[in-house]
Amino acid sequence: MKKILILFIGILTISCTGNAQKETKKEKKEYAVSKTNKEWKEILTNDQYYILRQAGTERPFSSPLNKVYASGTFHCAGCNTPLYESEHKFDSGTGWPSFDRAVKGNVSVDTDYKLGYARTELVCGTCGGHLGHVFNDGPRETTGKRHCINGDALIFEPKQTK
């Protein structure tokens, strides 16, 4: 009986030291545009800073960009990098601007565990600003992806007509 108890305690001890308890440090990625928090606060509004630099989320249906479908390009509010073309925007009904794809090479992906499970986070490839997340419930006839983006992370620039 004593051997069984020792074996049980040994197994219990080993099982309690799994990977879930290990602290993982994320490697800090270097971006072409890099500023201090003070510098970001000087150029961004409070809402933009909260979204882009603190990975916040705006209230659904609060962004005027949610209903913008004019021809043009949506740029990063932090560094002005072109991120999304209006031709790839669609109404997802979620309350956030939604796109089925980004401008190639300008949006990076990361993994976000803030809600306790893995989500694919979208960040600006130039400044690392948090944009939103990508989900697999987008239009089937195109990419099947939904880039759910915070409007405060974007600035819309209409297409110039000649």
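This briefing covers the strands of the structure above and how they pair. The model is predicted: local features need pLDDT of at least 70, side-chain atom pairs count only at pLDDT 80 or more, and totals for chains, interfaces and linings use all residues. Residues are numbered from 1 along each chain as its sequence is written, and side-chain values use heavy atoms, with hydrogens and water left out.

**Terms**
- Strands are DSSP runs of E with at least two residues, numbered from the N terminus.
- Two strands pair if DSSP finds at least two bridges between them.

- Six strands form an open sheet: 6 strands in the order 3-4-8-7-6-5, with antiparallel pairing.
- Its edge strands are strand 3 (89–90) and strand 5 (107–112), and each pairs on one side only.
- Strand 3 runs antiparallel to strand 4 (residues 98–99), and 2 bridges join them.
- Phe 90 stands opposite Ser 98 in strand 4.

**Strand 1 and its partners**
- Strand 1 (residues 72–76) has 5 of its 5 residues buried, so it is largely enclosed by the rest of the structure.
- Buried means under 20% relative accessible area, with a 1.4 Å probe and protein chains only.
- Strand 9 (residues 154–158) pairs with strand 1 in the antiparallel sense, over 5 bridges.
- Gly 72 has Pro 158 in strand 9 as its bridge partner.
- Strand 2 (residues 82–85) also runs antiparallel to strand 1, joined by 3 bridges.
- Thr 73 has Glu 85 in strand 2 as its bridge partner.

**The hairpin**
- The hairpin of strand 1 and strand 2 has 5 residues between the strands.
- Asn 80 in this hairpin takes a positive phi near 70°.

Technical notes: Helix = DSSP H or I, 4+ residues; strand = E, 2+ residues; numbered from the N terminus. Buried < 20%, exposed > 50% of the residue type's maximum accessible area, 1.4 Å probe, protein only.
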